[in-house]
There are 2 protein chains.
Amino acid sequence: MKKSVGPQTIVYPTPVFIVGSYDPNNNPNVMTAAWGGICCSDPPCVSVSIRKLRKTYDNIIASRAFTINIPSEKFVNEADYYGLVSGKNIDKLSDTNLTAVKSEILNAPYIKEFPIILECSLLHTFEIGIHTQFIGEIKDVKVEENCVSENGDPDIEKIKPIIFSPDNRMYYSIGNNIAKAFNAGKIFKK
Amino acid sequence: MKKSVGPQTIVYPTPVFIVGSYDPNNNPNVMTAAWGGICCSDPPCVSVSIRKLRKTYDNIIASRAFTINIPSEKFVNEADYYGLVSGKNIDKLSDTNLTAVKSEILNAPYIKEFPIILECSLLHTFEIGIHTQFIGEIKDVKVEENCVSENGDPDIEKIKPIIFSPDNRMYYSIGNNIAKAFNAGKIFKK
């Protein structure tokens, strides 16, 4: 039996994206965003929703570029910090002793220490209520060399990403491999 | 040191959403979608990207409503099946012995056996390359009574959602609770 809990913003899993951008003086900023995900296969695009009051909003509108930096679980405190404070008056990366690196292909910084990052050029902005959705075309993905599998692809089990749970406001790690996609469902084929 | 792997559609975590819709004859259909997430806090909205060749695309355009059904890990085979086959010629729910229930508040079916479902009315469609992004306003969330915590909220540890990993095309379970959000980062505050 199902119980109504009202129109809440809850899905599982919810990601922990750290959005990297430069202000007009080339100062790097990062902010934590949970409202986003891949939104198109071709061109490859990722969406992230940001409110107009954020410094990141102004930065991306001006620079037309951003990065999505995915933390591993060992950076859970840093990832949480980037969502607790505004970059308008402080340098969040410096506070946490992490390093901004300028992308070689577009005008946005990424976090050197994080295991996997997406370099995105701004393709669209869509207005949805209090959030603006930024659609970034993924121009490249960069992965730490020790986080790839034998065939050279990113390896989720080495990356150890963080999952956000909006209901109890907790972070979780990735659990066990439970099934092979595009395969497990074949048992129902007639 | 980071290695370039090209413009791939990879983020962690990626969700496993089962999109429920009715065709014009009120036949329920479900399909698996991994490109989506919450996209606005107010009004509460969820996005899901669907290609025009899908039956679900036509259904939502006509009905202006859909559900997002989140499977628990025990339904991983069913969730995978709904992405393997088209609902144009078969009844996927019947093949898997699961049950479509008509929403009481809008014109879309949800899956009775799944632990948590979102009932959405179509607010916008945004064109992004080969995918169309459907923005659904969340009108209600319904949770199985045995998947709520003591305070009545949805409980991720009872829901046991599935995580999709786009790199190795595997499904994972949720792991351990590692930190409290909006709290863990306070150690860096000055």
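## Nonpolar core

The largest nonpolar core has 109 residues, and A:V46, A:I68, B:V46 and B:I68 have the most contacts inside it. Strand β9 (residues 116-128) of chain A supplies the largest share of this core, 6 residues. Such a core is a set of buried Ala, Val, Leu, Ile, Met, Phe, Trp, Tyr and Cys residues joined through C-beta atoms within 7 Å; buried means that 20 or more other C-beta atoms, placed from the backbone, lie within 10 Å of a residue's own. Strands are DSSP runs (E, at least two residues), numbered from the N terminus.

This is a predicted model, in which local features need pLDDT of at least 70 and side-chain atom pairs count only at pLDDT 80 or more, while totals for chains, interfaces and linings use all residues. Residues are numbered from 1 along each chain as its sequence is written, and chains are lettered from A in the order in which they are written.

## Contact between the chains

Chain B brings 88 residues to the contact and chain A brings 87 residues; two residues are in contact if their C-beta atoms, placed from the backbone, lie within 7 Å. On the side of chain B that touches chain A, strand β12 (residues 170-180) of chain B gives the most, with 11 residues.

An open sheet of 4 strands runs in the order β11(A)-β12(A)-β12(B)-β11(B), with antiparallel pairing; strands pair if DSSP finds at least two bridges between them. β11 (163-165) of chain A and β11 (163-165) of chain B stand at the edges with a single partner strand each, so one side of each is left without a neighbour in the sheet.

Strand β12 (residues 170-180) of chain A is joined to β12(B) by 7 bridges. A:Y172 has B:N177 as its bridge partner, and A:N177 has B:Y172.

Key:
A residue is buried if 20 or more other C-beta atoms lie within 10 Å of its own, exposed if 12 or fewer, and partly exposed in between; C-beta atoms are placed from the backbone.
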